[in-house]
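User: I have a structure open and would like to go through it piece by piece. Can we start with the contacts?

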Amino acid sequence: MTAKISIQQVQKTFRVKRNLGHLKEEAQPVSALQDINLDVKQGEFMVIVGPSGCGKSTLLDLLAGLTKPSGGQILLDGKPITGPNLDRGIVFQQYALFPWKTALANVEFGLETKGVPRKERRAIAQQFIRLVGLAGFENRYPHELSGGMKQRIAIARSLAYDPDVLLMDEPFAALDAQTRETLQSELLRIWEATRKTIIFITHGIEEAVYLGQRVAVMTSRPGRIKEVIDIPFEARTSEEDLRSNPEFVKLRHRIWDLLKDEVHKAQEQEISKSLQAGHLKSNGKGAAEHG
């Protein structure tokens with residue numbers, strides 16, 4: 001089967017300016033992603049998990065077309081991604097709803113951008129609000145909704161204009177545990193109903209195993225794909241308490257075994273970065289005092 005999305009030898013390097021005090025600012029190259037190779041099938045629910053700072057969100061930005069790779073390419077239906085497009089919907093951690101628009105108007109936004117007539121887009125928006133379980137809340141403003149409700153509206157908005165691919169960047173990370181588990185189940189139900197291709201970013205191992213058909217495990221920075229794990233569960237929304245299934249527990253431990261060294265390396269990188277920043281600041285201050 002031809003891949004819906006093909007990530008081929010993708011690299012991303014940033015140039016970060018570092019203040020060296022009395023010396024001129026120096027732009028240092030920082031490698032965020034290195035040689036990423038991953039194919040995602042049509043209708044697949046792919047989860048990408050990795051330690052903090054490994055480049056997960058950078059990879060999602062590349063998939064969204066918000067930034068371009070420094071090397072390699074990303075293909076969607078065999079064509080390179082060159083920028084943002086309505087063939088990809090994005091759901092962020094922080095909802096990104098328009099505060100001056102009602103829930104219904106927020107969901108209509110992408111349809112309006114596509115030029116869908118008003119009556120038709122209202123009917124489509126109401127359909128997707130029902131799909132995410134918020135019928136009756138169409139005329140509420142974001143400040144009148146809970147965090148979980150806001151994220152449901154964000155998901156409905158991304159689905160309403162019928163993108164080929166849904167990109168989700170830790171969408172449940174800011175929610176409390178109970179709401180998070182509820183929305184995980186809701187998302188699986190929505191995916192089973194729509195069969196959209198979903199790429200879901202998380203640092204939660206349990207969330208990754210619960211949601212994904214496959215889980216791609218990333219290394220610490222520069223991020224690479226360490227291993228891709230198949231998740232064998234089929235009708236997961238109908239299975240009672242999947243998280244206590246012995247196979248679920250085994251897969252969670254397997255992914256943690258792959259991740260724990262990477263988490264340790266990521267923590268060491270953060271400590272080293274903080275110490276280096278403090279050292280440069282101290283040197284700059286000393287140079288200024290003796291200048």
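User: Among contacts between residues at least 6 apart in sequence, what share joins residues at least 24 apart?
Analyst: The share is 70% in this chain. Contact means heavy atoms within 4.5 Å. This is a predicted model, where local features need pLDDT of at least 70, side-chain atom pairs count only at pLDDT 80 or more, and totals for chains, interfaces and linings use all residues. Residues are numbered from 1 along each chain as its sequence is written, and side-chain values use heavy atoms, with hydrogens and water left out.

User: How many helices and strands are there?
Analyst: The chain has seven helices and 10 strands. Both are DSSP runs numbered from the N terminus: helices are H or I with at least four residues, strands are E with at least two.

User: And what percentage of the residues is buried?
Analyst: Buried residues make up 45% of the 291 in the chain. Buried means under 20% relative accessible area, exposed means over 50%, and partly exposed is in between, with a 1.4 Å probe and protein chains only.

User: How many residues are in the largest nonpolar core?
Analyst: That core has 53 residues, and F45, F200 and I255 have the most contacts inside it. A nonpolar core is a set of buried Ala, Val, Leu, Ile, Met, Phe, Trp, Tyr and Cys residues joined through side-chain atoms within 4.5 Å. Helix α4 (residues 147-160) gives the most to this core, with six residues.

User: Where does it lie relative to the domains?
Analyst: The core lies between domain 1 (1-14 + 29-87 + 164-235 + 242-261) and domain 2 (99-162), because both give residues to it. The domain bounds come from an automatic or database domain assignment.

User: What does F45 touch?
Analyst: Leaving aside neighbours within four places in sequence, F45 is in contact with L187, L188, W191, I198, F200, L211, G212, Q213 and R214.

User: Take L187 from that list. Is L187 buried or exposed?
Analyst: L187 has a relative accessible area of 1%, so it is buried. This residue lies in helix α5 (residues 177-194). Beyond its neighbours within four places in sequence, L187 contacts F45, M168, F172, I198, F200 and L211.

User: New topic. At what angle do α3 and α4 pack?
Analyst: Helix α3 (residues 118-131) and α4 pack at about 135 degrees, with their axes 9 Å apart. Axes are lines fitted to C-alpha atoms, for helices over the stretch in contact, and angles run from 0 to 180 degrees between N-to-C directions. The two helices are therefore oblique to each other. Angles under 35 degrees count as roughly parallel, over 145 as roughly antiparallel, 65 to 115 as roughly perpendicular and the rest as oblique.

User: Which residues make that contact?
Analyst: From α3 they are I124, F128, I129 and L131, and from α4 they are I153, A156, L159 and A160.

User: What does α2 pack against?
Analyst: The buried residues of α2 pack against α3 and α4. Helix α2 covers residues 103-113, and its buried residues include L104, V107 and L111.
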